[in-house]
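Here are my notes on the model, for reading beside the coordinates. Please check each point against the structure as you go.

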There are 2 protein chains.
Amino acid sequence: MQIAMVVYDRFTALDVVGPYETLSRLPGARVDFVAEQAGPVRADTGFLAVTADKALGELPHPDIVVVAGGPGTFTQIENGALLDWLRAVDATTTWTTSVCSGSLLLAAAGLLEGRRATSHWLTLDFLKQYGAEPTGERVVTDGKYLTAAGVSSGIDMGLTLVGRIAGDEHAQAVQLLTEYDPQPPYDAGSPEKAPAHLVEEFRTNSRFSLV
Amino acid sequence: MQIAMVVYDRFTALDVVGPYETLSRLPGARVDFVAEQAGPVRADTGFLAVTADKALGELPHPDIVVVAGGPGTFTQIENGALLDWLRAVDATTTWTTSVCSGSLLLAAAGLLEGRRATSHWLTLDFLKQYGAEPTGERVVTDGKYLTAAGVSSGIDMGLTLVGRIAGDEHAQAVQLLTEYDPQPPYDAGSPEKAPAHLVEEFRTNSRFSLV
């Protein structure tokens, strides 16, 4: 089972490493990090680089595609080569998936038209522009399309997909191995739960440079 | 603020990317992935490589050290160069931390003697050999030493440390940005919660190759 993890300049690291940590433990998994060109690809903060072992063109028939999000999404949304590749591989994937703003790339490729999908809470509304139906759920399954909300939600998506493919018991084993028994020290992980002024600061982009 | 993320052959990817995603968003953070030699370093499943931009010797005075765990720990525990570096930098760090079996490296370097510490549930008991006091908690703080349990617990540790350094509000902002509102599809993330036969399978190392 070939799994393509799609990265690009200024992707968000946890978007892709969350599902990687779970999906790479599927029986018979072979995972390839892939980018437009092979070589090191820098994450959004500029510090972490992961190696894309293959260029997109070297991976024509992955079984599973996972598209990362991140500030770089808004550049990639204009990248015809990437969108063409997504359309082409989607013709033969068993699962086409995304984390965070990565769903905008699936949507821009025309793959989510008329489908329910999610995204980072800050980019959720953009899905409508491409004919997808945004929902605020953390993990959304519509046919063979799985989309996850922001950043850390890719862990939940990966575990969900492991269960679908290899059964509940294997997914539980992966959860136990990765000791995924979350105990966040705060309860501010969604716009509904976080202090309202923080949500507003993000919407006006004043606290972090997001793009 | 200089943050060293310590990796080595067969580290576990999420161990280091979890805290990276949170700590890299501290005000003034500069994060360096560091290994014995600079260059690509492969994670335990063999698929993901991250770039160590610096060799250990090039980073003599990090403010924060984060040591990843993974199957490679048991090789590194004999690596005098790494243990020497850990001892040397610990003399001037403000925080010395680990995720998963990474705590065994801190312990082997003599840094956790007489201290409360945690580790992956499968490696917790090894801490005693080095004079540390193991506890099954997910994140343990003892003085300037923070240790986290298995793999995904590094996210909770990172967020805890962001709160200690930059205040609760900044940590909440990071939690909101990373949409860390976990909703695992199963409840098997600790040996107390998982089916007993899975715990036993791991203890006898029959389901996954862990080392």
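1. Contact here means heavy atoms within 4.5 Å. With neighbours within four places in sequence left aside, A:Thr147 is in contact with A:Ser98, A:Ser103, A:Leu106, A:Leu112, A:Ala117, A:Thr118, A:Arg138, A:Val139 and A:Val140.

2. Ground rules. This is a predicted model, where local features need pLDDT of at least 70 and side-chain atom pairs count only at pLDDT 80 or more, while totals for chains, interfaces and linings use all residues. Side-chain values use heavy atoms, without hydrogens and water; residues are numbered from 1 along each chain as its sequence is written, and chains are lettered from A, and ligands numbered from 1, in the order in which they are written.

3. More on A:Thr147. This residue sits in strand 11 (residues 145–148) of chain A; strands (E, at least two residues) and helices (H or I, at least four) are DSSP runs numbered from the N terminus. A:Thr147 is buried, at 1% relative accessible area. Buried means under 20% relative accessible area, exposed over 50%, and partly exposed in between (1.4 Å probe, protein chains only). A polar atom of the A:Thr147 side chain lies 2.9 Å from the backbone nitrogen of A:Thr118.

4. The sheet. Which strand order does it follow in chain A? Seven strands form an open sheet in the order 5-2-1-6-7-11-10, with mixed pairing. Strand 5 (54–55) and strand 10 (139–142) of chain A are the edges, each pairing on one side only. Strands pair if DSSP finds at least two bridges between them. Strand 1 (residues 2–6) and strand 2 of chain A run parallel and are joined by five bridges. A:Gln2 has A:Arg30 as its bridge partner in strand 2; for A:Val6 the partner is A:Val34. Strand 2 of chain A is largely enclosed by the rest of the structure, because five of its six residues are buried.

5. A:Arg10 lies between strand 1 and helix 1 of chain A. A:Arg10 is partly exposed, at 28% relative accessibility. Its C-alpha is 6.2 Å from that of A:Gly70, 60 residues apart along the chain. The side chains of A:Arg10 and A:Thr75 make a polar contact (3.5 Å). A polar contact is a pair of N or O atoms within 3.5 Å; within protein, one must be able to donate a hydrogen and the other to accept it, and residues adjacent in sequence count only if both atoms are side-chain atoms.

6. The interface. 71 residues of chain A contact 71 residues of chain B. The buried area is about 6300 Å², and carbon and sulfur atoms give 60% of that. Buried area is the accessible area (1.4 Å probe) that two parts lose on being put together, summed over both. Across the interface there are 45 residue pairs in polar contact, both at pLDDT 80 or more. Helix 6 of chain A gives the largest share of the chain A side, ten residues.

7. Salt bridges. There are six between chain A and chain B. The rule is a side-chain nitrogen of Lys or Arg within 4 Å of a carboxyl oxygen of Asp or Glu. B:Arg25 and A:Asp44 form one of them (3.1 Å, N to O).

8. Helix 6 of chain A. Seven of its ten residues are buried, so helix 6 is largely enclosed by the rest of the structure. Among the buried ones are A:His170, A:Gln175 and A:Leu177. The buried residues pack against helix 1 and helix 5 of chain A, together with helix 7 (196–203) of chain B. A:Glu179 follows helix 6, with a positive phi near 45°.
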